[in-house]
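Please open the model in your viewer and keep the sequence panel beside it. This tour moves from one selection to the next and says what can be found at each stop.

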Amino acid sequence: MYCNCNRGQFDQLPQPLFRLICHCKTCQKYLDRPYNDECTFLLKDCSQIDIDNTHFTSYQTKFSPILRGKCKVCSKVSYCITKIGPFRHFVMIPTQLINMDPPHPVVHIYYDRRVADSNDNIRKVCGHFHSQLKIQALVFTSIISRFFRL
Ligand SMILES: [Zn+2]
Ligand SMILES: [Zn+2]
């Protein structure tokens with residue numbers, strides 16, 4: 001179900017900024033799965049990713065910051081790119097495609113749209129507004145903490 005054409009491009013990824021599980025209807029449609037388990041990176045940290053071989057579509061409005069990618073060769077799901085607010089471009093890669101031990105997910109978002117309950121002790125956030133707020137908070141805190149570590 002995921003593109004397997006060029007798995008080597010995910011070999012040398014840095015630690016993700018965060019991992020989350022999204023239950024929104026758009027992710028469900030994009031993946032044809034109940035939820036999207038994905039890791040977010042700064043695009044500039046992932047220079048080996050082959051953007052040219054990925055076809056990106058906006059599944060929501062033209063103004064949505066998220067572009068969801070499918071492989072130009074096999075048409076299967078690959079990864080998404082985005083730009084949130086004034087920040088740089090991000091890439092969100094399905095955790096299954098990452099060739100490393102991933103961090104634990106920090107949150108379930110759009111949990112009110114879920115197909116099935118998740119029996120874990122990870123925080124669940126419901127509704128569009130609170131889910132978007134949570135993403136922005138995660139992006140902000142991960143960028144700030146990275147900035148002060150450097
Ligand atoms: Zn492919
Ligand atoms: Zn989603």
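Helices and strands are named here from DSSP runs, a helix being a run of H or I of at least four residues and a strand a run of E of at least two, numbered from the N terminus. This is a predicted model, in which local features need pLDDT of at least 70 and side-chain atom pairs count only at pLDDT 80 or more, while totals for chains, interfaces and linings use all residues. Residues are numbered from 1 along each chain as its sequence is written, chains are lettered from A and ligands numbered from 1 in the order in which they are written, and side-chain values use heavy atoms, with hydrogens and water left out.

**First stop: the zinc ion (ligand 1)**

Select the zinc ion (ligand 1) together with Cys3, Cys5, Cys71 and Cys74, whose SG atoms are its protein donors and lie 2.3 to 2.4 Å from it. A donor is an N, O or S atom within 2.8 Å of the metal (3.2 Å for Na, K and Ca), and water is not among the atoms, so sites may look incomplete. Along the chain these donors follow the spacing C-x1-C-x65-C-x2-C.

Why is the arrangement around the zinc ion (ligand 1) tetrahedral? The 4 donor atoms subtend angles of 102 to 113°, and four donors count as tetrahedral if all angles lie between 85 and 135 degrees. For comparison, the ideal angle for four tetrahedral donors at a metal is 109.5 degrees.

Cys3 is buried at 8% and Cys71 is buried at 7%, whereas Cys5 is partly exposed at 46% and Cys74 is partly exposed at 29%.

**Second stop: the zinc ion (ligand 2)**

Move to the zinc ion (ligand 2), where the SG atoms of Cys22, Cys24 and Cys27 are the protein donors, lying 2.1 to 2.3 Å from the ion. Their spacing in sequence is C-x1-C-x2-C, and both Cys24 and Cys27 are buried.

**Third stop: the cavity**

On a 1 Å grid over the protein atoms alone, a cavity is a set of points where a 1.4 Å probe fits but cannot get out, whereas a pocket is an open set with protein on both sides within 12 Å along at least five of seven lines; lining residues have an atom within 4 Å of a point. Grid points are joined across faces, edges and corners, and a volume is the space filled by probe spheres set on the points.

The structure holds 1 cavity of 30 Å³ or more, and the largest cavity has a volume of about 30 Å³. To see its lining, select Tyr30, Leu31, Asn36, Glu38, Val77, Ser78, Tyr79, Cys80, Met92 and Pro94. At least two of the lining residues come from each of α1 (25-31), β2 (36-42), β5 (77-83) and β6 (89-94), and β5 gives the most, with 4 residues.

Stay for a moment with Asn36, which lies in strand β2 and counts as buried at 1% relative accessibility. Its C-alpha atom is 8.8 Å from that of Thr95, a residue 59 positions away along the chain.

The largest pocket has a volume of about 390 Å³ and is lined by 24 residues, of which Pro65, Ile66, Met92, Gln132 and Ile135 lie nearest its centre. Its largest share of lining, 5 residues, comes from α2, and β1 (18-22), β2, β4 (66-71), β6 and α2 (128-149) each supply at least two.

**Last stop: two loops**

Select Ser75 in the loop between β4 and β5; although Ser75 is not a glycine, it has a positive phi of about 65°. Then go to Tyr110, in the loop between β7 (107-109) and β8 (123-124), where phi is near 50°, again a positive value in a residue other than glycine. Tyr110 counts as buried, at 7% relative accessibility.

Methods:
Buried < 20%, exposed > 50% of the residue type's maximum accessible area, 1.4 Å probe, protein only. Tetrahedral: all angles 85-135°; square planar, octahedral: opposite > 155°, others 65-115°.
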